[in-house]
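Work through each task with the structure in view before turning to its solution.

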Amino acid sequence: MGYTRGRAARDAVRASVAAAGGAGMTWAVYTFLTEQAKQARTVIPHRTDRAPSKDGVYIPGQHSVERLSAAHPAAIRLMIFGDSTACGLGCNDAEETPGVRLARGVAEATGQRVQLSTKAIVGATSRGLGGQIDAMLVAGPPPTVAVILIGANDVTAMNGIEASARRLGRGVRKLRAEGSAVVVGTCPDIGVISAIPQPLRSLIRRYGLRLAARQRAHVKAAGGRPVPLSLLATQFLQAPERMLSADHFHPSAEGYALAAEELLPAVLEGVGEQKEPVPGPEPVAPRDEERLTTRVVRAMRGVRPDPMDHTDPLESHTS
């Protein structure tokens, strides 16, 4: 997810002041949330390290990983784009990362050699996704199937929801134009991160769920396959000590295994292995909080909230 130290908490503090209402409450709310922001900054570390990587060719029934060669080409090219969750930050062993889990899963299910290439970058937002894809197109042939995990950093940076989803849709469309199947794990439910105190966590969670809903719409429109990772929140909340890594923010090996299991059917469909996947439930974005979210975003832009304004700047913001 690539949490930038205190940024999400700091933004939510400013925003929550505007949402609090009467002037008499403002200072008390600001003081309370400022203390929560300080707590979040001390609990959640700023990660600059790299996730373990194990790119190469995966062969059915073999544990070793080979280098790609002209004599032994791979039938399926799997590429991973996105942020630190796409990289597998939080894992101690590359075998635990989502990319390796998916590569091995595809190899075993298809009986084919699978080349894994990880293009994701720790800390990336949707703003950098196009650059990852462009760099890939310059370097070599496009993937057979691309997996994109992006969105959590757009939430912590409070990037505009519609603009972030639109950038993702453009990336999917560009890959589809190259003939690649595209699977997108939409923004996870950040409400599982208990290290972010309430009510900051609720504000950020609502923002993320609305982003996931718009991501899903843009991915579908661009011809991709969205997979709602927010539906895994129940398992994370039931066992956070197992599902989250030592930083209490990124998934653990077990958490990534759960995500890879959720993504694998769509990836196999992308390579033609599963023709008729059973559709699962789709999460519902919170709609009863639109007015609060509107005030949140206006406050972050330095706009004085208007209690009579029912418009939603999230849908028109183009940052």
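**Exercise 1.** In which sense do strand 3 and strand 4 pair, and over how many bridges?

*Solution.* Begin with the ground rules: this is a predicted model, in which local features need pLDDT of at least 70, side-chain atom pairs count only at pLDDT 80 or more, and totals for chains, interfaces and linings use all residues. Residues are numbered from 1 along each chain as its sequence is written, and side-chain values use heavy atoms, with hydrogens and water left out. Strands are DSSP runs of E with at least two residues, numbered from the N terminus, and two of them pair if DSSP finds at least two bridges between them. Strand 3 (residues 76-82) pairs with strand 4 in the parallel sense, over five bridges, and Met79 has Ser117 of strand 4 as its bridge partner.

**Exercise 2.** Which order do the seven strands of the open sheet have?

*Solution.* The order is 2-1-4-3-5-6-7, with mixed pairing. Strand 2 (65-66) and strand 7 (225-227) stand at the edges, each with a single partner strand, so one side of each has no neighbour in the sheet. Elsewhere in the order, strand 5 (residues 145-149) runs parallel to strand 6 (residues 181-185), joined by five bridges, and Val145 stands opposite Ala181 in strand 6.

Methods
Helix = DSSP H or I, 4+ residues; strand = E, 2+ residues; numbered from the N terminus.
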